[in-house]
Amino acid sequence: MVGVLTWFGVAFFGAIGAVARFRLDSAVSARLPSDFPLGTLVVNLTGSFALGVLVGASVTHRIAFVLGTGFAGGYTTFSTWMVESERLGETGEVVSLLRNLWLSMLSGFGIAAAGFYVGQAIT
Amino acid sequence: MNTRSLRARLSSGETDETLGQPAAGVLSRLSVGQARVAAIMAGGAIGTLARAGLAEVLPHRAGQWPWATFVVNLAGAFILGWLLTRLAERSAPSRHWRFFAGTGFCGALTTFSTFQIETFEFARDGHIGLAIGYPVASIAAGMALAVAGVLIARWGRHW
């Protein structure tokens, strides 16, 4: 069970994560304009690495809940990944659509695994 | 309607000023940028709480299907597909909606990082069927629901 303060922490860090995602996505999209949704990919990969480190480091349940479920969860997004892929399909960019799916999935898996082993190594 | 403009709208909301109505109450005293951040934080806090609450109710046990993550990710893909289409192509009830409900709520309700860690743990523990089936099912169903959301937003008349 988690207490009221922990729930506030989860909500707060989730809110911070959402704003961080917005800021970074906007910055990447502004600097590297592309049809490919690079901003979301950068957000999702950095967040997956961070969560991998937390899980690998076997932090306490409360820290995992606040920083992992709260921050990393609020920061990374599955829905934008899906809807941006749908947009690519709709505009006929099927190659970009498929690349967005497999590239995000494989690199996300790899970087989460890397984060996990880094987290294990530093504890 | 090309991908560029939708991408730009998605991340910067540049059309909101032309589509939106005057903001009411406390939001009207903030700059556009501050109100946007406030809307994202409010939606992000609610989305995160919903996901965290479901994760507590349906805890993920090793070697079992991660129902909580699966459900929030699919729900978020559907809602975001519906919402962005609705706001872009049909109506804009308020210039803050995209940021509150889209960037904030749907973005925080769904999670890519937990999805990847769960897949990694399946692979690490030797659950190869789950390590392949879980991402394939999430992506296939997520795409299908995003498309469904978009289509319903276009075809719907009263919702």
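Mentor: Before we start: buried area is the accessible area, taken with a 1.4 Å probe, that two parts lose on being put together, summed over both. Keep in mind that this is a predicted model.

Trainee: Got it. What share of the area buried between chain B and chain A do carbon and sulfur atoms give?

Mentor: Start with who takes part: 60 residues from chain A and 55 residues from chain B are in the contact. Between them the two chains bury about 4,500 Å². Of that area, the share from carbon and sulfur atoms is 71%.

Trainee: And salt bridges? Which residue forms one with Arg154(B)?

Mentor: Across the interface of chain B and chain A, the rule finds one salt bridge. The cut-off is 4 Å from a side-chain nitrogen of Lys or Arg to a carboxyl oxygen of Asp or Glu. Here the closest N and O atoms are 2.5 Å apart, and the partner of Arg154(B) is Glu90(A).

Trainee: On to the rings. Is the aromatic pair of Phe22(A) and Phe99(B) stacked or edge-to-face?

Mentor: Over all chains, the structure holds 20 aromatic pairs. For Phe22(A) and Phe99(B), the centres are 5.7 Å apart and the planes make 80°. Planes over 60 degrees apart count as edge-to-face, so this pair is edge-to-face.

Trainee: What about Trp81(A) and Phe115(B): at what angle are their planes?

Mentor: Trp81(A) is in helix α4 (residues 79-90) of chain A and Phe115(B) is in helix α6 (residues 113-124) of chain B, so this pair joins two chains. Both Trp81(A) and Phe115(B) are buried, and they belong to one aromatic cluster with others including Phe78(A), Trp65(B) and Tyr134(B). Their ring centres are 6.3 Å apart, and the pair is tilted because the planes are at 45°.

Terms used. Residues numbered from 1 in each chain as written. Chains lettered and ligands numbered in written order. Predicted model: local features only at pLDDT ≥ 70, side-chain atom pairs only at ≥ 80, totals over all residues. Heavy atoms only, no water. Phe/Tyr/Trp six-rings, centres within 6.5 Å; stacked < 30°, edge-to-face > 60°. Helix = DSSP H or I, 4+ residues; strand = E, 2+ residues; numbered from the N terminus. Buried < 20%, exposed > 50% of the residue type's maximum accessible area, 1.4 Å probe, protein only. Contact = heavy atoms within 4.5 Å.
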